[in-house]
Amino acid sequence: MASAAIFSSLRRRRSPSLEAFLAPVDLSGVALVQTLASISTEIVSCFSGVRFSFQRRNARSLIRKIEIFVVLFEFLSDSNWGSRRSSDNSSSSTALLCLKELYLLLYRSKILVDYCAQSNVFPVNDLDLSDDIREQIELLQKQSRKSRLYIDKNDESLRETFYSFLDRFQNGEIPNPVDLRSFFVEKLMIKDPKSCRNEIEFLEEQIVNHDGDLEPTGSVINGFVAITRYCRFLIFGFEEDGLEWRIENPKKPRKGFVAQEIGDTFITVPKDFVCPISLDLMTDPVIISTGQTYDRSSIARWIEEGHCTCPKTGQMLMDSRIVPNRALKNLIVQWCVASGISCESEFTDSPSEGFASALPTKAAVEANKATVSILIQYLADGSEAAQTVAAREIRLLAKTGKENRAFIAEAGAIPHLRRLLKSESAVAQENSVTAMLNLSIYEKNKSLIMEEDDCLESIVSVLVSGLTVEAQENAAATLFSLSAVHEYKKRIAIVDQCVEALALLLQNGTSRGKKDAVTALYNLSTHPDNCSRMIEGGGVSSLVGALKNEGVAEEAAGALALLVRQSLGAEAIGKEDSAVAGLMGMMRCGTPRGKENAVAALLELCRSGGAAVAEKVLRAPAIAGLLQTLLFTGTKRARRKAASLARVFQRRENAAMRSGVYGFVGNANGDRDGGFANDVSVPISISISVPVL
């Protein structure tokens, strides 16, 4: 018996080729007619004598129709139609378009009749069966041909009832609780919270595992999930839950449910598809003058607010033009379709161009709104266990979709979540800070969080002394999300112990925690007023130390490149013993962006860090070779910065020649230290050809 893998492989080999979906754009005139004649003739000759096991009448009818096309194409080919038609004749152009469409039809017809021809019924004649068994099998075959799918009237009634619930939610109405209880408890036999959760998990698994092949559609099942979640709390309240998520060792790092779910928020969407400002899936990606891509609405708002730098790199914008990134937009659309994400309507100008199944999707949103109203009620006055469960459910609902994030905040969840940030329950605190993080991803919610009394301070408190590692990490990620808004950067940095806690997390956190911390520190570094706080809070020291960590070195170098622009920052970075060596290491083996940030930081150190720091940079071993490599292989900005640094070398060399100390600097033993002279021997010639950059 063939294994499942072999069977799957066989099916893949029989999958339709691209010819079944793409018209022959490279064929026209005689060549197109000849191709059509060849395909139709092949279909007729190959399948006219085949005895089909099923769909006999339809297959025969299709072949007879194609026989007529054979005559048509032979006539067009003999009459040399393609060479006689005029290129400016609109009727000929229309005919050509129709022939190309006909090509697709014929090719798909070939695939269809081939499938019917190769399919077979049970091979009775090939098996050594007794007369009794043969008679039973033949009877089964006859019954199968006549049988029709039977739908139980009770099942059909349940389906109609469920769709009526969808219709009610679609129209903004909440179904009668008695009807819902009857449907779920008495008819579907879902009698407890655990059964509800199992049903939801099963349905969500079906959506993921049967992407695009579901019947009913995924949006209908999403509606069922939303209604089931609503009924779970409406009918059963919060009994039993809350005790299932107890943490035995709160300080022990673990892959808990919060870490997994918040990880899904960022990992499931490819990094390149996420806007660096909003942290949400881009619907209209555009490119700015620095080459970075952002969602149009986010970067437009950034520029309108008067910013003249790139939010991600900190570079000055050459102009305010934005260019559509159509290639990335097409990739995002393709990924959304392949992933079953209902976002196509966001890429269209008319709502009617979205998914045809918009009705159940809206019903699911309305059902989720009803669920949130119940959850917030329990957040306000429920027991500790009920509040923990409510926070968890809000976190899950806010995990995906800006619609969910919007109406959760509008319903008033943020003040109650803020109160839970100070909970003595590790699970409640972890749920609330992660829910806050998910909500903050939606741009409009950032202001609601920042305007809530004591909310920012409570988030920082979780960062400083959270009861679980995940809570601390998610607090750092929340600060990163909030600091995407420029005017919030200073407010965040001046909160007591904020920078200190981020620096400590960058030094001692998990790999994910270090990533959260360095991105938050980077965002804070983009505000010029935060330089002193970064120095006093240990942010500069932790960023210098992070240059040795491959996972966060690029962001650390970027933050240092921003801080070093101020003399105060350049002086502080220059005092760090490993700063120059770390930046040199980034130039040697970092990412293209990391090398760019490193050489920019070194250049600013020479300009603003004082004579001693400049001397330290200029005498660094192998600096000339690294600059030479960067001048030929770096990004445009990296080459420009490397050229400027090479000029600094050249001026220093010329000064050394005039003072008579060219070639060496004496050391304590009277030996030659050829570090600078030897290093700059190559860049001298390079610096001449660089000014054009």
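Begin by selecting I227, L543 and L605, the residues with the most contacts inside the largest nonpolar core, which has 137 residues. A nonpolar core is here a set of buried Ala, Val, Leu, Ile, Met, Phe, Trp, Tyr and Cys residues joined through side-chain atoms within 4.5 Å. Buried means under 20% relative accessible area, exposed over 50%, and partly exposed in between, with a 1.4 Å probe and protein chains only. The largest share of this core, 11 residues, is contributed by helix α10 (residues 218–236). Helices (H or I, at least four residues) and strands (E, at least two) are DSSP runs, numbered from the N terminus. In soluble globular proteins, nonpolar side chains tend to be buried together.

The model is predicted, so local features need pLDDT of at least 70 and side-chain atom pairs count only at pLDDT 80 or more, while totals for chains, interfaces and linings use all residues. Residues are numbered from 1 along each chain as its sequence is written, and side-chain values use heavy atoms, with hydrogens and water left out.

Next, centre the view on L543. Residues up to four places away in sequence aside, L543 touches L506, V518, L521, S525, M534, A556, A559, L560 and L563; contact means heavy atoms within 4.5 Å. Another core, of 26 residues, lies apart from the largest one and includes L36, I63, V70 and F73.

**Around helix α23**

Select helix α23 (residues 498–508), whose buried residues are C498, V499, A501, L502, A503, L505 and L506. Among the elements that cover these buried residues are α20 (455–465), α21 (469–482), α22 (486–493), α24 (511–525), α25 (531–536) and α26 (539–546).

Axes are lines fitted to C-alpha atoms, for helices over the stretch in contact, and angles run from 0 to 180 degrees between N-to-C directions. The crossing of α24 and α27 is left-handed, a term for a near helix turned anticlockwise from the far one by less than a right angle, with clockwise being right-handed. On the α24 side, select K515, V518, T519, Y522 and S525; on the α27 side, select E555, A556, G558, A559, L562 and L563. The residues of this contact divide into 6 nonpolar, 3 polar and 2 charged. Ala, Val, Leu, Ile, Met, Phe, Trp, Tyr, Cys and Pro count as nonpolar, Asp, Glu, Lys and Arg as charged, and the others, Gly among them, as polar.

Move to helix α15 (residues 384–397) and helix α17 (residues 413–420), whose axes come within 11 Å and cross at roughly 125°. These two helices are therefore oblique to each other, and α15 passes α17 in a left-handed crossing. Q387, A391 and I394 of α15 make the contact with A413, L417, R419 and L420 of α17. By class, the contact of α15 with α17 comprises 5 nonpolar, 1 polar and 1 charged residues.

By class, the contact of α7 with α8 has 5 nonpolar, 1 polar and 2 charged residues.

**Single residues**

Select Q292, in the loop between β1 (285–287) and β2 (293–295). Q292 is buried, with a relative accessible area of 8%. Neighbours within four places in sequence aside, Q292 is in contact with V286, I287, C310, K312, T313 and R593.

E604, in helix α30 (residues 592–608), is buried, with a relative accessible area of 14%. Leaving aside neighbours within four places in sequence, E604 is in contact with V564, R565 and G609.

Finally, inspect two backbone angles. Most residues other than glycine have a negative phi, and most peptide bonds are trans. M189, not a glycine, has a positive phi of about 65°; M189 lies in the loop between α8 and α9 (193–209) and is partly exposed at 49% relative accessibility. D454 also has a positive phi, near 65°. The place of D454 is in the loop between α19 (443–451) and α20, and D454 is partly exposed at 32% relative accessibility.

Definitions and conventions
Parallel < 35°, antiparallel > 145°, perpendicular 65-115°, else oblique.
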